[in-house]
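These are my notebook entries on a structure that I had not examined before. I set down each point in the order in which I looked it up.

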Amino acid sequence: MKVLLTGANGYIGRRLKQKLLNEKIALRILVRNPKSIGLDVHVRTEVFRGDTFDVQSLEYALEGVDVAYYLVHSLQHENYRELDKISAQNFLDAAIKQGVKRIVYLGGLGVKAHASKHLLSRIETGEILSSRPDQIQTVWIRAGVIIGSGSASFEIIRHLVEKLPVMITPKWVNTLAQPIGVDDVISYLNEAKDLACDKNLVVDIGSEKMTYREMMLGCADALGLKRFIIPVPVLSIKFSSHWLNIFTPVPYNIAKSLIEGLSSEVIIQNDHAKQYFPHIHPCPFKNAVQKAIKEMEQNQILSRWSDAEGGTDLWEHHQNDPSAAILTDRQRIEIHGASKEAVYRTFCSIGGKEGWLAHHWLWEIRGWFDKIIGGAGLKRGRRHHHRLRVGESVDFWRVEDLVENERLLLRAQMKVPGKAWLEFRIKNNELIQTAYFYPRGLWGRVYWYMMIPAHYFVFRSMIAMILKKAQNEQTKFPYQNQSS
Ligand SMILES: NC(=O)c1ccc[n+]([C@@H]2O[C@H](COP(=O)([O-])OP(=O)(O)OC[C@H]3O[C@@H](n4cnc5c(N)ncnc54)[C@H](OP(=O)(O)O)[C@@H]3O)[C@@H](O)[C@H]2O)c1
């Protein structure tokens, strides 16, 4: 069986990819950025560069495929509803043209009549993918809150209960939902490719029914915390979204789309999961939370909600190379008293809980400012305390390039009037740290010059601290391979 996986860098896709790699199938992956797929995958699978808005790339990737997974959405764009429709239609048409037998799609749980804009878009996507049952079969799996290490829903719940002993919450915390552990979602998706059924199917999945309030208290319990929740009838969606934006790592747009969905019940509408997947027994909420916490504690987070690279606008496509930057801040230091491996490891462990080594409070201020204006903020953290992979997020940066013992290139995802990168490079016996900036218009230039005093302190101290830390730590942590 030849299987195509789309969305392979996303939260669900990355986990499904790991599962599919162990199956007896020929796996093909469609990604927008092949660099973000690890080398181990490259040797075992076909990696195709493509985009659901590029019909030719879709047709090329779908050629000879039996089952195609559709795990794509455009939520990062304002007009995501329109884009999602085009994307799904392109995929359906290309799949039919290439004779694909089955599409497997993961959408959201809930009914159309009460759906939020985000859920509506997921439903419309499912409807489009299922619209030609005479020519192609679609298995549409629908899940509500997904609980797992790194999932947006779990990160929100965890951050809220960890930070707030008493929570004044909207009355929607009493809405019923049916959460499900991420491992169970992956099992359903994996088995959907082998299902002995040739008609269109909608499969609602979830574990026990519970309110969001019970989920928060259950999570607090698993973390050994006593928490109090006081629901009030007044808090608006906007206010709640800002609240989540400030107290959790998720940015405003994701918080808003999640909050909008909280007011209506997300309950299983059919028993197809039991009927067609009788041997999958979704684990209870409590166990899913405990597993997620354990994975976090043991640094074994396979994927995070912020893994997807997100859309890049046209302007960025034209300016996607730091060498195009007009403004730079370059610092150099001779490496002594530490091996190159230790220096590499040190700059690769920057950010997250480790912080930014020098004048971290200035980074915190920049992070808060970013959150306030709707950016990612500094609190997204990182998946692993020292391992990195291309494409993943580190606070408000994203890893753009990684060359073992040589280079780390970070691309800024904070709100900034231009395009910014931060590069650490080891060359000969020197550590070179460069901040690149390609300003957008006059305001971009003004921004850069306004930041010069902060950069002066931050960048000079940061490079010195990297070397110092490498000198201190190389004996404590023998060199390990960075690939994950
Ligand atoms: N995560 C949840 O809690 C949850 C819950 C219920 C249902 N679901 C459903 O599960 C599916 C996957 O969600 P997710 O959370 O894994 O999403 P995600 O982490 O945001 O990942 C989305 C993936 O789609 C890819 N993508 C976006 N636009 C694309 C395009 N035009 N062409 C090709 N690839 C494109 C992204 O690629 P880049 O890496 O290049 O950006 C990324 O890999 C969605 O249908 C979602 O509704 C998720």
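Entry 1. I began with Asn 428, which lies in the loop between β18 (418–427) and β19 (430–439). The model is a predicted one. I noted that the phi of Asn 428 is near 50°, a positive value in a residue other than glycine. Is Asn 428 buried or exposed? I found 8 C-beta neighbours inside 10 Å, so Asn 428 counts as exposed.

Entry 2. I then turned to His 359, another residue that is not a glycine and has a positive phi, here of about 50°. I located His 359 in the loop between α14 (340–348) and α15 (360–372). With 18 other C-beta atoms within 10 Å, His 359 is partly exposed.

Entry 3. Next I looked up strand β6 (residues 137–143). Seven of its seven residues are buried, so β6 is largely enclosed by the rest of the structure.

Entry 4. Which strands pair with β6? I recorded β5, which pairs with β6 in the parallel sense over seven bridges, and strand β11 (residues 201–205), which runs parallel to β6 and is joined to it by five bridges. In β6, Ile 141 stands opposite Leu 106, and Ile 141 also stands opposite Val 203 in β11.

Entry 5. Leaving aside residues up to four places away in sequence, Ile 141 touches Leu 106, Tyr 188, Leu 189, Ala 192, Val 203 and Ile 205. Ile 141 is also among the residues with the most contacts inside the largest nonpolar core, which has 83 residues. Helix α8 (residues 212–222) gives the largest share of this core, seven residues. I found a second, separate core of 38 residues, which includes Val 394, Ala 420, Tyr 436 and Ala 470.

Entry 6. Last, I examined the ligand. How many residues surround the ligand? I read 30, the closest being Gly 7, Asn 9, Gly 10, Ile 12 and Ala 308. The elements that give two or more residues to this shell are α1 (11–21), β5 (102–108) and α6 (152–163). By class, I recorded 10 nonpolar, 15 polar and five charged residues in the shell.

Definitions and conventions
Residues are numbered from 1 along each chain as its sequence is written. This is a predicted model: local features need pLDDT of at least 70, side-chain atom pairs count only at pLDDT 80 or more; totals for chains, interfaces and linings use all residues. A nonpolar core is a set of buried Ala, Val, Leu, Ile, Met, Phe, Trp, Tyr and Cys residues joined through C-beta atoms within 7 Å. A residue is buried if 20 or more other C-beta atoms lie within 10 Å of its own, exposed if 12 or fewer, and partly exposed in between; C-beta atoms are placed from the backbone. Helices (H or I, at least four residues) and strands (E, at least two) are DSSP runs, numbered from the N terminus. Two residues are in contact if their C-beta atoms, placed from the backbone, lie within 7 Å. A residue is near a molecule or strand if its C-beta atom, placed from the backbone, lies within 6 Å of it. Ala, Val, Leu, Ile, Met, Phe, Trp, Tyr, Cys and Pro count as nonpolar, Asp, Glu, Lys and Arg as charged, and the others, Gly among them, as polar. Two strands pair if DSSP finds at least two bridges between them.
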